[in-house]
Amino acid sequence: MAQDKKFVKEIADINEDFPKWYTDVILKTELVDYGPVKGTMVIRPYGYAIWENIQKELDVRFKKTGVKNAYFPLLIPQSYLMKEAEHVEGFAPEVATVTHAGGQKLQEPLVIRPTSETIICDMYAKWMESYRDLPILINQWCNVMRWEKTTRPFLRTSEFLWQEGHTVHATEEEAEVETQTMLGVYKDFAENCLAIPVLTGRKTDKEKFAGAVATYGMEAMMLDGKSLQAGTSHYLGQNFAKAFDMKFLDKDGTLKYGYSTSWGVSTRLIGALIMAHGDQRGLVIPPVVAPIQVIIIPVCMHKDGVLENAQKLCDVLCDAGIRAEVDKRDATPGWKFNEWEMKGVPVRIEVGPRDIENGKMMAMRRDTLEKAELSLFDVDAVKALLATVQQEMLEKSRERRDSRIVWAESVEQILAGVDNKCFVKAPWCGCRECEEKIKEQTQATARVIAEDSADGKVCAVCGKKAEKIVYFARAY
RNA sequence: CGGGGUGUAGCGCAGAUGGUAGCGCGCGACGUUCGGGACGUUGAGGCCGCAGGUUCAAAUCCUGUCACUCCGACCA
């Protein structure tokens, strides 16, 4: 117990000071370190492995929808950004610009991509001549830079890694379907890989992406009740097609502008993962994306057969496709237990002389901290345990989230709801003034528009006929 | 850009009224340990953010400056 206290002291209290807990945990578990340039982060191997797993899972899903990966340049001529009026406005304050290269001042400044719509649309314009060239379905994994005023590792950094998908279609309908398909891919990924239940839906005009006709987002609830936008999918209509002259000759022989979409998720997902599942002991990472799924701790390493059996177990698990490691470091088992719990490894297996003698091994789940005795080398049991952890983490998060969605019919009720760490569903007339009033008085913003019908309801702010039911929450 | 705070060892900090720098953790070596953060012995590690000034003497007092950080306005 005394030792527990000591451990708890090491990371900030999750309930008392959530933001501090967050930064403590990501630094102490060696996910990230701060970069020398303000607002940048170094993603360390343990953190990067999560990103690699995210990439792997998303790529599988993208490929199923026919999307292929490609790569476009980091630097974009400044004039490209000027072509789409709203888009320029949206990004103007936060672009970083390169003015000199090769020891000389450049004729035209180059911007470091804050997103790649412009350069990609410019290329697409060259590639699309006939309707037979459409749709173009391309994704790129890359870094982007947005010079933000305040930053926080993973959630908002000056430079971040993401994937951005960009598609062009011959018809409005097809592009709209694509927008929804990708939103669905994200939802499936968030729930089944990250074990984070998400709300998906259309964004209000105030919250939409600069240059889009419609923006759809997925919102996840963090442990402190705040919402995190975990992914977006935009229907861009012909806005970019017209700005970049993306025309094609249709079946009917006429020249038409294409309809485009873009969608993306970023390293912010790692932040979401941490803030959705962590506890007082540190991280809890769902098995699908965990860098290490099973950590094997040999007990009494110096005794005959312990290390050999631990290594053999590791080998059989790895052969079965499980990411397992043996911790052979010269430290006490107790120290290692705490270390790996903090790092969020889903399953820990202890192997000691007693176990070997009895043909057993002790397994512990990180999410519930429950221990179970398994037969030594029982790969199927470990696999089943990992699957259970994955599934129950989602169920637990979903129950928690669902119990924290409340209904409100006035600004006071909205305030009470968000103060109570809840998402608030409220009817809204659709006007910007009411939306802004809610933000002023409650610091909550419209996250997504719900599917529910607003028939017979009145706006929580102005009392006029409600057009939409909207989820409000304080957001990161 | 407004308000507050902090800069001393890798990290967290202590250093009244000036006298030449210390504690905890961590790190190295050796030994005993190992089923929930072990212990003993011993060692390494500092331009006290930076630049001026006052003084016989500055981590300490004064002035300036830089950096970081928290809270408000903007953002994935």
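This dialogue walks through how to read selected features of a predicted model.

Me: What kind of model is this, and how are residues and chains labelled?
Reply: This is a predicted model, in which local features need pLDDT of at least 70, side-chain atom pairs count only at pLDDT 80 or more, and totals for chains, interfaces and linings use all residues. Residues are numbered from 1 along each chain as its sequence is written, while chains are lettered from A and ligands numbered from 1 in the order in which they are written.

Me: What pLDDT does chain A average?
Reply: pLDDT is the predictor's confidence in each residue, from 0 to 100. Chain A averages 93, and 98% of the residues score at least 70. Residues 1-6 fall below 50. Beyond near neighbours in sequence, that stretch has zero contacts in the model; a contact means C-beta atoms, placed from the backbone, within 7 Å.

Me: Which ipTM and pTM does the predictor give the complex?
Reply: The ipTM is 0.87 and the pTM is 0.95.

Me: How should I read strand pairing?
Reply: Strands of a sheet pair through backbone hydrogen bonds, either parallel or antiparallel. Strands here are DSSP runs of E, at least two residues; helices are runs of H or I, at least four residues; both are numbered from the N terminus. Two strands pair if DSSP finds at least two bridges between them. Take strand 8 (residues 159-169). Strand 7 (residues 136-145) pairs with strand 8 in the antiparallel sense over ten bridges. There, M145 stands opposite E159. Strand 14 (residues 259-266) also pairs with strand 8, antiparallel, over eight bridges. In that pairing V168 faces S260.

Me: Why is strand 8 described as largely enclosed?
Reply: Burial is a neighbour count. A residue is buried if 20 or more other C-beta atoms lie within 10 Å of its own, exposed if 12 or fewer, and partly exposed in between; the C-beta atoms are placed from the backbone. Eight of the eleven residues of strand 8 are buried, so the rest of the structure largely encloses this strand.

Me: In what order do the strands of the three-stranded open sheet run?
Reply: The order is 4-6-5, with antiparallel pairing. Strand 4 (75-77) and strand 5 (96-101) are the edges, each pairing on one side only. The twist averages 45° from one strand to the next. Angles run from 0 to 180 degrees between N-to-C directions, and axes are lines fitted to C-alpha atoms, for helices over the stretch in contact. Strand 5 and strand 6 (residues 104-112) share five bridges. A96 has I112 as its bridge partner.

Me: Which strands stand at the edges of the five-stranded sheet?
Reply: The order is 16-15-17-18-19, and the pairing is mixed. Strand 16 (324-326) and strand 19 (371-375) each have a single partner strand, so one side of each lacks a neighbour in the sheet. Neighbouring strands are turned by 25° against each other on average, direction ignored. Strand 15 pairs with strand 16 in the parallel sense over three bridges. I295 has E325 as its bridge partner. Helix 13 (residues 379-402) packs on this sheet, touching strand 15, strand 17, strand 18 (360-365) and strand 19. Its direction makes about 150° with that of strand 17.

Me: At what angle do helix 3 and helix 7 pack?
Reply: Helix 3 (residues 45-64) and helix 7 (residues 172-192) pack at about 145°, with their axes 10 Å apart. E57, L58 and R61 of helix 3 meet V185, D188 and F189 of helix 7. These divide into three nonpolar, no polar and three charged. The classes are: Ala, Val, Leu, Ile, Met, Phe, Trp, Tyr, Cys and Pro nonpolar; Asp, Glu, Lys and Arg charged; the others, Gly among them, polar.

Me: Which residues are buried in helix 11?
Reply: In helix 11 (residues 333-342), K336, W340, E341 and M342 are buried. Their cover includes helix 2 (18-28), strand 15 (294-298) and strand 17 (347-351). G344 follows the helix, with a positive phi near 80°.

Me: Is G211, in its loop, buried or exposed?
Reply: G211 lies between strand 9 (198-202) and strand 10 (214-221). It counts as buried because it has 24 C-beta neighbours inside 10 Å. Leaving aside neighbours within four places in sequence, its contacts include E84, H87 and F240.

Terms used
Two residues are in contact if their C-beta atoms, placed from the backbone, lie within 7 Å.
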